[in-house]
Amino acid sequence: MVQYMTTRLDTSFAALSDPTRRGILEQLGLADASITELAVKFDMTLTGMKKHVGVLEQAGLVTTKKIGRVRRCQLGPRRLEVETAWLERYRQRWDERFDELDRVVEELTRKEESDESENRE
């Protein structure tokens, strides 16, 4: 299970690490599109777009279907729940660390203000 989770996270984050691929997902969130339409939209060669779509397809984020001579793309069935949960765990940890840092800074600020007022007297 752990190996599957690691592989899935690696595949998902690798697919999402590229801004063009994130843009493709955004575009497909609006409407299905052909490889050609996506290539034009992103000012890219068909070969380059096919590679990007292939990475997204491997991650389960996009599905493609050949209709005649046209390959149509749409968002895949994956909803990124595992990836979202992983990110949320780390967001919570960072929030806790920043809350603790805020407490330390407030304490130091109070101490500094107290020292300054004592020095004036």
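Q: Which residues are linked with R78 in a network of salt bridges?
A: In this predicted model, R8, R78 and E83 are linked in a network of salt bridges, where a salt bridge is a side-chain nitrogen of Lys or Arg within 4 Å of a carboxyl oxygen of Asp or Glu.

Q: What should I know about the model before going on?
A: Because the model is predicted, local features need pLDDT of at least 70 and side-chain atom pairs count only at pLDDT 80 or more, while totals for chains, interfaces and linings use all residues. Residues are numbered from 1 along each chain as its sequence is written, and side-chain values use heavy atoms, with hydrogens and water left out.

Q: ok, how far apart are R78 and E83, N to O?
A: The salt bridge between the side chains of R78 and E83 has an N to O distance of 2.3 Å.

Q: And is E83 buried or exposed?
A: E83 counts as buried because its relative accessibility is 2%, and buried means under 20% relative accessible area, exposed over 50%, and partly exposed in between, with a 1.4 Å probe and protein chains only. R78, at 21% relative accessibility, counts as partly exposed.

Q: Why would such side chains pair at all?
A: Side chains of opposite charge can pair when their charged atoms come close.

Q: How many salt bridges are in the whole structure?
A: A search of the whole structure finds 6 salt bridges. One of them joins E37 and R72, whose closest N and O atoms are 3.1 Å apart. This pair links distant parts of the chain, since E37 is in helix α3 (residues 35-41) and R72 is in strand β3 (residues 70-75), 35 residues apart. Helices (H or I, at least four residues) and strands (E, at least two) are DSSP runs, numbered from the N terminus.

Q: Are E37 and R72 buried or partly exposed?
A: E37 is partly exposed, with a relative accessible area of 41%, and R72 also counts as partly exposed, at 27% relative accessibility.

Q: Where is E106, then?
A: E106 is in helix α5 (residues 81-120), and E106 is partly exposed, with a relative accessible area of 47%.
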